[in-house]
Amino acid sequence: MNWKLWYRKVRLVAWLSLLIMLLSVGWLVWPSNQPTPSSIVNHIRVLTNTIVHTMEKEHTELLLSDAPLRQKLNDWSKETTISLKVLLPDGTMVYDSDHSSLPSLQRIYPRFELDYTLRISDSEPPDYHLAFPLLDAESSALVGYAQFTVPAPVMAAALPASSPVILVPWTLLTLAFVTLLYLFFSIGRRVQRDLVQPVAELKPYAEAILKGDYEQRAEWTSDNEVGELYAVFDLMREEIRNLHMQQAAHNQSHKELISNLSHDLKTPLATIKAYVDAIREGICPDLPSVMAYLEVVHANTSKMAVLVDDLLLHALRDLEQIAVHPLEQYSSPALEPIFRTMAHYIRTMGVNCEEPSTIPNVLVFIDAVRIEQVIANLVTNALKHTEPGDTITLAVEEQTEWSCLRIIVSDTGSGISPQDMPFIFERYYQGSVPDRTKLAQREGVGLGLSICKYIMEAHGGTIEFHSKQQQGTTFCLTLPLS
């Protein structure tokens with residue numbers, strides 16, 4: 001069961017039990033459930049009615065000389081365990097059940113010392129004290145007083161038996177108390193079984209992760225919060241494992257990058273050194289030969305500059321320090337010099353170039369230097385996959401429905417192989433070159449398109465492509481309009 005739902009139910013039952021206990025206690029102590037003084041007086045009258053009538057018929061003064069009457073009072077007192085004192089109207093005590101022999105005619109003040117109203121003693125159990133006047137049966141004249149002391153057990157026996165209704169609060173009180181006890185023990189048992197134990201069993205998995213073992217799966221079958229905790233813990237383990245694998249792959253990629261750079265820099269450096277040594281040793285007989293050698297040196301220097309630039313941008317990207325500062329400006333004056341330079345470069349490589357006839361002049365947020373870097377990278381890649389006589393097309397168009405500006409670089413070259421397409425934007429990835437004669441011309445270490453993607457995303461735009469082998473490739477850059 002879901003812990004939150006279970007807790008709500010337990011809390012509801014606990015509150016209901018406490019409420020029932022309070023109501024039951026209130027019911028039991030409510031005054032209407034206790035005998036009232038008037039009802040106690042009435043029951044004392046019932047208990048003493050017979051002996052009172054006897055004394056009213058026999059007259060109290062006879063108690064001084066009538067031994068049978070005194071014996072009758074003694075027997076009644078012993079039988080009922082009720083104490084009795086009889087006084088004459090002037091306060092002379094003529095009978096005391098606690099001293100059944102003839103008294104010494106002690107006198108008290110009836111007005112002040114008799115309990116005409118019910119008095120309950122402070123003893124435990126309490127005694128009930130009450131005095132009645134004794135009236136002559138014929139003339140109704142006052143003939144004396146009778147002071148009764150009724151013990152609590154006698155009074156309890158005389159009161160009517162408790163109504164069956166009184167069992168209801170006791171039953172509810174008992175049930176509520178038992179329910180609270182059950183909840184107390186069930187909560188402890190469930191906390192131990194469903195919280196303490198699962199958390200304790202999770203400890204070895206955490207220790208395994210701490211030691212670098214990411215293969216142990218933490219599983220819990222219960223469909224509750226603990227099960228969710230185990231699921232999230234396992235997702236965390238999987239994420240840590242993936243991050244560890246990515247870190248290992250990243251480290252391996254760095255090693256391969258250093259290896260590739262060492263190889264790719266070594267070749268042009270060796271060529272430059274060889275041609276410079278040849279010039280220094282005077283192998284070149286005339287100026288045209290020297291210029292030809294210098295042209296080779298310049299070409300290899302350019303290759304090294306491309307490698308170093310890519311490496312620097314890659315490092316800056318890892319540090320999130322590639323400076324991209326888009327400014328609001330019109331697209332035509334920002335893009336026209338870039339396309340003019342790219343077109344000239346393409347034609348010098350022996351490849352045809354179609355420039356955009358017009359460039360939409362709209363406001364865009366653009367960093368012209370970084371966009372030129374992206375276009376230059378796409379053009380360089382296109383030249384790697386084209387032959388003299390192929391065509392590279394540069395185009396710009398506005399898409400009002402998407403509120404963006406599209407820059408298109410397409411070629412009619414060999415295209416990208418299907419197995420390379422999913423990975424061309426990944427760092428260090430270098431696609432296959434179908435033509436082995438161009439393998440030696442490949443420059444870079446597979447960072448260009450990854451950097452292009454980063455720059456376009458920093459502009460809030462996108463970079464997409466589609467390609468068919470032996471038909472060419474088209475890259476599309478989108479820049480949001482201002």
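Residues are numbered from 1 along each chain as its sequence is written. Because the model is predicted, local features were required to have pLDDT of at least 70 and side-chain atom pairs pLDDT 80 or more, whereas totals for chains, interfaces and linings use all residues, and side-chain values rest on heavy atoms, with hydrogens and water left out.

Helices (H or I, at least four residues) and strands (E, at least two) are DSSP runs, numbered from the N terminus. Strand β5 spans residues 142–151, and eight of its ten residues are buried, so the strand is largely enclosed by the rest of the structure. Here, buried denotes under 20% relative accessible area, exposed over 50%, and partly exposed the range in between (1.4 Å probe, protein chains only). Two strands are taken to pair if DSSP finds at least two bridges between them. A hairpin is formed by β4 and β5, with six residues between them; in its turn, Ser140 has a positive phi of about 60°.

A nonpolar surface patch of about 390 Å² comprises Ile20, Trp27, Val168, Leu172 and Leu175. Patches consist of residues with over 30% relative accessible area and no salt bridge, like charges being joined within 9 Å and nonpolar side chains (Val, Leu, Ile, Met, Phe, Trp, Tyr) within 5 Å; accessible areas come from the Shrake-Rupley method with a 1.4 Å probe, and for residues only the protein chains shown count as cover. Helices α1 (3–29) and α6 (167–210) each supply at least two residues of the patch, the largest share, three residues, coming from α6. Trp27 lies in α1 and is partly exposed, with a relative accessible area of 32%.

Ten salt bridges were found in the whole structure, each defined as a side-chain nitrogen of Lys or Arg within 4 Å of a carboxyl oxygen of Asp or Glu. In helix α7 (residues 225–280), Asp234 and Arg237 lie three residues apart, about one turn of the helix, and form a salt bridge (2.9 Å, N to O). Asp234 is buried at 11% relative accessible area, as is Arg237 at 3%. Glu238 forms a salt bridge with Arg241, with the closest N and O atoms 2.4 Å apart. Glu238 is partly exposed at 25% relative accessibility, whereas Arg241 is buried at 19%. Salt bridges with shared partners join Arg217, Asp234, Arg237, Glu238 and Arg241 into one network.
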